[in-house]
Amino acid sequence: MSRLYTVDAQAVAAERAFRAIAILALVLPLCLLALLFGGTLIDGFSRLSFDFLSGFPSRRPEEAGILPALAGTMALMLLTAAMAIPVGVGAAIYLEEYAPPGKITTLIEVNIRNLAGVPSIIYGLLGLEVFVRSLQMDRSLIAGACTLALLLLPMVVMASREALRTVPRMYREAAWALGAEKWTGIRRVVLPMCLPGILTGVILSLARAIGETAPLITLGALTYVSFLPTSLKSAFTALPIQIFNWTSRPQAGFHVAAAAGIVVLLTMMLLLNATAIVLRMRLQKKVTW
Amino acid sequence: MVEPRMKVQGLKAWFGSSIALRDIDLDIADKQVTAIIGPSGCGKSTFVRCLNRMHEVTPNARAEGKVLLDGKDIYDPAVNPVALRRYVGMVFQKPNPFPTMSIRENVLAGLTLLGTRAKDESGLVERSLRQAALWEEVRGGLDRPGVSLSGGQQQRLCIARALAMEPEVLLMDEPCSALDPIATAKVEELILELRRRYTIVIVTHNMQQAQRVADTTAFFYMGSLVEHAATTKIFGNPTERRTADYVSGRFG
Ligand SMILES: Nc1ncnc2c1ncn2[C@@H]1O[C@H](COP(=O)(O)OP(=O)(O)OP(=O)(O)O)[C@@H](O)[C@H]1O
Ligand SMILES: [Mg+2]
């Protein structure tokens with residue numbers, strides 16, 4: 001019985017070391033993020049005001065506002081979501097529930113995974129060629145939204161498939177055994193069960209997409225826009241573009257404006273992420289299995 | 001002998017290229033309980049899933065042969081398997097009430113999934129829950145989630161859900177294997193009650209259960225039907241040596 005009381009000092013030390021590393025790995029990025037956000041906030045604080053949010057860009061840095069960029073980002077977000085979500089969720093449902101397992105399906109799967117990893121500037125080049133030039137959309141809001149939707153699509157497909165896969169097969173079989181058509185079972189049983197997962201995945205991908213700068217610059221989104229987008233064909237700018245533009249100006253006043261713009265963009269993203277979390281918690285309270 | 005409700009003739013079933021059922025011939029008597037017994041992997045689940053054409057929803061699975069329900073072959077190409085499943089209900093091994101639905105919605109799920117509504121929904125809910133011997137326990141909280149019930153209650157809810165469709169035949173694949181003895185006794189009592197109105201096929205690993213609930217018992221072994229006879233005969237004086245060995249616990 002004396003073995004019960006012996007302590008393997010080495011194992012304990014290893015255990016402690018691993019814990020320390022794990023905690024460090026968690027805390028370090030969080031600290032960096034806080035530092036970044038805090039620093040930006042301090043830099044841009046003097047410009048953060050209602051006037052900044054509702055103002056138009058100006059040659060004088062202390063008067064430059066962010067409204068067209070904010071409106072552009074909002075419009076892009078809505079249009080992108082309206083295009084990417086139905087198609088992406090639909091594709092996920094097809095792949096997960098209907099596609100016969102086989103070489104072609106595997107090929108499609110692998111490609112979607114690869115597409116999610118393609119650098120966003122490539123999507124910008126594609127958008128430039130296809131939407132701006134071939135389809136003659138010009139450098140318009142709709143061209144930007146189409147490009148971002150393409151970028152978002154693989155992420156939406158993957159997140160939705162992940163969510164669909166969390167629903168055990170027995171619930172599908174239960175629906176079919178009651179005499180449900182395949183699609184009815186999916187719509188009435190499977191989708192309600194994985195809705196929180198799909199929503200979370202979609203919102204998180206969307207939050208990433210609205211921060212994208214490279215594809216919009218490649219498309220040729222304007223950097224100086226003193227009007228609000230009025231139609232799908234309007235020229236537009238977006239928050240990341242505006243920020244990029246301000247940071248590349250020599251005057252210090254624009255750098256302050258850029259910092260304030262970054263705070264606005266980060267706040268939007270944090271809000272989106274918070275929405276995802278709240279939605280998931282609310283829906284999951286109703287849905288436990 | 002009661003006229004059979006279902007007649008299985010030369011039924012074969014495969015998963016991909018491996019055969020799971022070889023040439024099964026079996027009559028299922030009307031308003032009686034037919035028990036299916038046999039060692040694990042002998043094809044019991046596959047067999048009952050062929051009776052409502054659920055076997056073929058598994059990728060690469062297929063079946064061949066005839067299964068007559070009231071004289072009509074359910075494997076006839078003109079038969080719509082989706083419609084058939086409303087007449088041949090099924091209860092699974094693991095209780096699986098729909099997690100997003102309340103108790104009431106679970107009972108009505110079959111109709112909802114068909115896109116129809118009952119004329120008297122509350123009446124149907126009460127009748128089905130009463131038939132499943134669950135009414136008294138849940139009458140006060142029909143809007144609670146179905147998954148908030150205990151395992152045994154969930155299984156009876158699944159039975160109520162199947163009964164609400166007013167099936168002709170009820171298939172049960174080890175309906176008690178996830179339940180404790182008390183819940184099991186309740187479900188067994190229920191089966192004896194349901195037997196007056198429904199034709200029941202039940203898969204079980206529990207020899208006592210087969211003897212308590214079944215009128216006839218079929219013994220399967222490695223994808224073949226070895227023997228089908230009155231339950232008393234199967235357990236008292238079986239014709240086949242393998243049946244005797246299995247029911248006395250010498251293998252399996
Ligand atoms: N989805 C599947 N894919 C491939 N083979 C399967 C599948 N399901 C069952 N099988 C095989 O078919 C045979 C019959 O399986 P079945 O599930 O009908 O057995 P069972 O008698 O119900 O067993 P148990 O008592 O363990 O439930 C087994 O050999 C099994 O390995
Ligand atoms: Mg089985």
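**Figure 1. Cysteine residues of the two chains.** Cys50(B) has a relative accessible area of 0% and is therefore buried; here buried means under 20% relative accessible area, exposed means over 50%, and partly exposed lies in between, with a 1.4 Å probe and protein chains only. Cys31(A) counts as partly exposed, because its relative accessibility is 43%. The structure holds 0 disulfides over all chains, a disulfide being a pair of cysteine sulfur atoms within 2.5 Å. Cys50(B) is accordingly in no disulfide, and the nearest cysteine sulfur, that of Cys42(B), is 13 Å away.

The model shown in every view is predicted: local features need pLDDT of at least 70, side-chain atom pairs count only at pLDDT 80 or more, and totals for chains, interfaces and linings use all residues. Residues are numbered from 1 along each chain as its sequence is written, chains are lettered from A and ligands numbered from 1 in the order in which they are written, and side-chain values use heavy atoms, with hydrogens and water left out.

**Figure 2. The contact between chain A and chain B.** Chain A contributes 22 residues to the contact and chain B contributes 30 residues, where contact means heavy atoms within 4.5 Å. About 2,000 Å² of area is buried between chain A and chain B, and carbon and sulfur atoms give 68% of it. This buried area is the accessible area (1.4 Å probe) that two parts lose on being put together, summed over both. The rule finds 1 salt bridge across the interface; a salt bridge is a side-chain nitrogen of Lys or Arg within 4 Å of a carboxyl oxygen of Asp or Glu. Glu173(A) forms a salt bridge with Arg49(B), and their closest N and O atoms are 2.8 Å apart.

**Figure 3. Helix α7 of chain A.** Helices (H or I, at least four residues) and strands (E, at least two) are DSSP runs, numbered from the N terminus. The buried residues of α7(A) are Tyr171(A), Arg172(A), Glu173(A), Ala174(A), Ala175(A), Trp176(A) and Ala177(A). Just after α7(A), Gly179(A) takes a positive phi of about 95°.

**Figure 4. Gln242(A) and its surroundings.** Gln242(A) lies in helix α10 of chain A, which covers residues 239–247. Its relative accessible area is 1%, so Gln242(A) is buried. Apart from neighbours within four places in sequence, Gln242(A) is in contact with Pro57(A), Ile66(A), Ala69(A), Thr223(A) and Thr237(A).

Figure 5. The whole structure holds 27 salt bridges over all chains. In one of them, Arg161(A) pairs with Glu96(A), with the closest N and O atoms 2.9 Å apart. Arg161(A) lies in helix α6 (residues 141–165) and Glu96(A) in helix α3 (residues 67–98) of chain A, so the pair ties together parts that are 65 residues apart in sequence. Arg161(A) is buried at 8% relative accessibility, whereas Glu96(A) is partly exposed at 22%. Glu96(A) also meets Arg165(A) in a salt bridge (3.2 Å, N to O). Arg165(A) in helix α6 and Glu96(A) in helix α3 are 69 residues apart, and this pair too links distant parts of the chain. Arg165(A) is partly exposed, with a relative accessible area of 43%.

**Figure 6. The open sheet of chain B.** The sheet has 6 strands in the order β6-β7-β8-β3-β9-β10 of chain B, with mixed pairing; two strands pair if DSSP finds at least two bridges between them. β6 (88–91) and β10 (224–230) of chain B stand at the edges with a single partner strand each, so one side of each is left without a neighbour in the sheet. Neighbouring strands of this sheet are turned by 20° against each other on average, direction ignored. Axes are lines fitted to C-alpha atoms, for helices over the stretch in contact, and angles run from 0 to 180 degrees between N-to-C directions. Strand β9 (residues 216–221) of chain B runs antiparallel to β10(B), to which 6 bridges join it. Ala218(B) stands opposite His228(B) in β10(B). Helix α8 (residues 181–194) of chain B lies across β3 (33–37), β7 (169–173) and β8 (199–203) of chain B, and runs at about 150° to β8(B).
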